[in-house]
Amino acid sequence: MSSQLKRIAVLTTGGDCPGLNAAIRAVVRTAIHHGLEVTGVLHGYDGLIAGDFISLKNENVSNILQRGGTILKTARSDKFKSEDGMNQAAEQLKMQNIDALVVIGGDGSFRGAQKFSDAHGISVMGIPKTIDNDIYGTDNSIGFDTAVNTVVQAVDKIRDTAASHDRLFFVEVMGRDSGMIAMMSGIAVGAEAILIPETETRIEQLVKILERGWKRKKTSMIVLVAEGDEAGGAYKIAGEVKKRFSQFETRVSVLGHMQRGGSPTCADRVLASRLGVAAVEGLLEGRRNEMAGLIDNKVIFTSLKEVTTRKKTMDNTLVRIASVLSQ
Ligand code: ATP
């Protein structure tokens, strides 16, 4: 591969998730394989503004593939949203002779990256990560598979205790705008109902489903609630249901930040590795301001503009499957 590129920088930005280290490792090793130098930017866009840089060699990314979190740290940066902040970030990259920036982030991070590139002509390549799996241009984002497996393990345990006591559990999972975690893990644990922001939640309808389960002599029931469901969080919905359905004792469990941590699954490690390689080789081929994603098991590059303006939608067949199987 012949290219004008000599030095690239890589950063992680936005919320953390499992698989970030695997992606960093893949970026660094691919770049070095092709004779590039790699600079790591600490603390996301804040570090870019502050010039918080480290040199990354193969040995710096040894033994991190299996670790959760990010060795580069991550942050949300208000400063980067300002013209001043972007000017300073561009100046820092110029001083370090950095030719391109690999952004391992979510759609917000890509919106920032696109603006940054438009304003300063910096070449950017995106790698999609978020446990919510709501990024357009890839079937899965890094972190999603590990997060749903964490939820499945937790809810399986909750099911044991729920069945022992004949209880109804409302389990709240992450997903402010997206019900992907709730939907996939809900199907995997056999949830009686899955409440997500993409579909209307009607308490009366939910009560009917629970009554049907009670008549069927179910010994436990699980309702998975995405935190962004328009009817409210798990506590609010449980309170509403309790007023109308008292056959089962009710409990609420909010899984919270455990969904962001832990060792990445095999699927996330392989996804991060494939996208890390693709991102660097895409830059070497002359691609700019795109995101490397995986669609139908093939690497596909999508412009950051498209990624940030189009919305990934919930697959309605999943909604139907969950409903059919929950009886
Ligand atoms: P996740 O949703 O998984 O946390 P994300 O990348 O969507 O990931 P955001 O908090 O939306 O997370 O964005 C991360 C950072 O990207 C912001 O803190 C900000 O620095 C930058 N950013 C987001 N939107 C813009 C924008 N419109 N202009 C400039 N920078 C932006």
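Residues with a relative accessible area under 20% are classed as buried, those over 50% as exposed, and those in between as partly exposed. These classes are applied here to a predicted model. Arg287, with a relative accessible area of 30%, is therefore partly exposed. Its salt-bridge partner is Glu290, and the closest N and O atoms of the two residues lie 2.9 Å apart. Glu290 falls into the buried class, because its relative accessible area is 17%. Elsewhere, salt bridges with shared partners connect Glu204, Glu240, Lys243 and Arg244 in one network.

In the structure as a whole, 12 salt bridges are found. One of them joins the side chains of Glu249 and Arg167, with an N to O distance of 3.5 Å. This pair connects distant parts of the chain, since Glu249 belongs to strand E9 (residues 249-254) and Arg167 to strand E6 (residues 167-173), 82 residues apart. Glu249 is partly exposed at 41% relative accessibility, whereas Arg167, at 14%, is buried. Glu249 also forms a salt bridge with Arg251, for which the closest N and O atoms are 2.8 Å apart. Arg251 has a relative accessible area of 32% and is thus partly exposed.

The largest nonpolar core comprises 63 residues, and Ile8, Val171 and Ile181 have the most contacts inside it. Helix H5 (residues 144-165) supplies the largest share of this core, namely 9 residues. The surroundings of Val171 can be described in detail. When neighbours within four places in sequence are left aside, Val171 contacts Val155, Ile158, Ile222, Val223, Leu224, Val225, Ser253 and Leu255.

Thr13 is located in the loop that runs between strand E1 (7-12) and helix H1 (20-33).

On the surface, a nonpolar patch is formed by Ile321, Val324 and Leu325, which together have about 270 Å² of accessible area. Val324 is part of helix H11 (residues 316-325). With a relative accessibility of 42%, Val324 is assigned to the partly exposed class.

The cysteines were also considered. The number of disulfides is 0. A disulfide requires two cysteine sulfur atoms within 2.5 Å. For Cys17, the closest cysteine sulfur is that of Cys266, and the separation of 16 Å is too far for a bond. Cys266 accordingly takes part in no disulfide, the sulfur of Cys17 being the nearest cysteine sulfur to its own. The two residues also fall into separate accessibility classes: Cys17 is buried, at 0% relative accessibility, while Cys266 is exposed, with a relative accessible area of 58%.

Methods:
Residues are numbered from 1 along each chain as its sequence is written. This is a predicted model: local features need pLDDT of at least 70, side-chain atom pairs count only at pLDDT 80 or more; totals for chains, interfaces and linings use all residues. Side-chain values use heavy atoms; hydrogens and water are left out. Helices (H or I, at least four residues) and strands (E, at least two) are DSSP runs, numbered from the N terminus. Patches are made of residues with over 30% relative accessible area and no salt bridge: like charges are joined within 9 Å, nonpolar side chains (Val, Leu, Ile, Met, Phe, Trp, Tyr) within 5 Å. Accessible areas come from the Shrake-Rupley method with a 1.4 Å probe; for residues, only the protein chains shown count as cover. A salt bridge is a side-chain nitrogen of Lys or Arg within 4 Å of a carboxyl oxygen of Asp or Glu. Buried means under 20% relative accessible area, exposed over 50%, partly exposed in between (1.4 Å probe, protein chains only). A nonpolar core is a set of buried Ala, Val, Leu, Ile, Met, Phe, Trp, Tyr and Cys residues joined through side-chain atoms within 4.5 Å. Contact means heavy atoms within 4.5 Å.
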